[in-house]
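Have a look at the structure first, then work through the points below.

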Amino acid sequence: MSAADHPHPTSPATLAVTAGRPPRTPGGPVNPPVVLSSTYVSQGPPTPGELLYARSGTETWEPFEAAVAALERAGHAAAGLPTAGPPAVVLASGMAAIDAVLALVPVGGRVVVPQFAYQVTLVLLDELAAQGRLAVDRVDVADTAAVRAALRGDAGAPAAAMLWVESPTNPMLEVADVPALVQAAHEVGALAVVDSTFATPLGQRPLAAGADVVVHSATKYLAGHSDVVLGVVVTDDPALHARVVGHRTTHGAVAGPWEVWLALRGLRTLALRVERSQATAAALAARLAAHPAVVQVRHPSLPDDPGHARASALMDGYGSIIGVRPRGGVAAADAVVAAVRLWLPATSLGGVESSLERRRRFATESPGVPEDLLRLSVGVEDVEDLWDDLDQALRTATA
């Protein structure tokens, strides 16, 4: 049987391995090469798709963009619609991706965002609001009725121009009803954007629910090894795609070829890493919920977690992030971070290594986040080793 006779893979685990590969040519490479060139040979009027200058496009970006687009089931390229490349757009960082998407909001437009979300997203929105570039309404994203009301606006505010969703949220792990919120956004003519970094394309695919744009910090789970900083935007809308590509080119939010190559290599093991880390996170969350030194645990796998029913219905898996509040408040939380030996005290998340931090150590974190909340990012180490280290740290901190 030839390669052409095989059915097109549909499993995300298979797509993570197979998408973005070079053509099967005798003597050809299995992996796409890294091309280190800032400029390309060119003369005469440029033709569509011609490589000219690395700020506007390189052959090193496209395999990664194609792989992410396949995982998100982005279809406009497959449908033959005109684009400047794969439906995904890689950018220099997660914040570069977020900035490019927020640039889609018309001047003076109103953006509805979760009250709890990635802190730098909220900082950027506040800066843009202070400049008069846009208006911001924060809302409980788990309260679908409240989001609907915020989208509609009132006599003093027009309907929203964009709905920005995180699900699960960072760091409170609230789970949104993504299909219902996307529908509500479209009813008022707003763009529906989902930051799906925590869920990954394996946990949810917002484009299938009608979302206009999906954003990932590829620094996290997609690359998976805490060695690159990248962002990616995915959209099925060719016009939006062209605007994001244009923003990347004009504003210089350009990803380096080595970083993109590393991210694609990391993406190949995404399914294995997520399967392992999610299973470990669920096991740890259940043990933490029964630990005498813990007063609260947030993880959607827990039956009494506020997001459990919704995550069970809408997501494939519960994610690898846990929220923990130890008994003893801020002092105990800081003591836990100081006492761990296997877990890494570090910001960011989604790597093969397990890490933790107290989120309110950042002055820019939302004031509604509890001062003593520890955000745990579960990696791929042995579950018993992780538990032993966490247990001893909790007991030491609350002794």
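Val112 has Leu163 as its bridge partner in S4. That pairing belongs to strand S2 (residues 110-114) and strand S4 (residues 162-166), which run parallel and are joined by 2 bridges; strands count as paired when DSSP finds at least two bridges between them. Strands (E, at least two residues) and helices (H or I, at least four) are DSSP runs, numbered from the N terminus.

A heads-up: this is a predicted model, where local features need pLDDT of at least 70 and side-chain atom pairs count only at pLDDT 80 or more, while totals for chains, interfaces and linings use all residues. Residues are numbered from 1 along each chain as its sequence is written, and side-chain values use heavy atoms, leaving out hydrogens and water.

**The sheet**
- S2 and S4 sit in an open sheet of 7 strands with mixed pairing, in the order S1-S7-S6-S5-S4-S2-S3.
- Its edges are strand S1 (88-91) and strand S3 (135-139), each of which pairs on one side only.
- From one strand to the next, the twist averages 20° (axes are lines fitted to C-alpha atoms, for helices over the stretch in contact, and angles run from 0 to 180 degrees between N-to-C directions).
- Helix H8 (residues 238-251) lies across S1, S5, S6 and S7, at about 15° to S1.

- All 5 of the 5 residues in S6 (residues 213-217) are buried, meaning under 20% relative accessible area with a 1.4 Å probe, protein chains only (over 50% is exposed, in between partly exposed).
- Val213, Val215 and Ser217 are on one side, Val214 and His216 on the other, and both faces are covered.
- Strand S5 (residues 191-195) pairs with S6 in the parallel sense over 3 bridges, with Asp195 partnered by Val215.
- S6 and strand S7 (residues 231-235) run antiparallel, joined by 5 bridges, and His216 has Val232 as its bridge partner.

**Ser196**
- Ser196 lies in the loop between S5 and helix H7 (200-203).
- Why does Ser196 count as buried? Because its relative accessible area is 0%.
- Beyond neighbours within four places in sequence, Ser196 is in contact (heavy atoms within 4.5 Å) with Gln204, Pro206, Val214, Val215 and His216.

**Helices H2 and H9**
- The axes of H2 (residues 61-71) and H9 (residues 257-267) come within 8 Å and cross at roughly 35°.
- Trp61, Pro63, Phe64, Ala67, Val68 and Leu71 of H2 make the contact with Val260, Ala263, Leu264 and Leu267 of H9.
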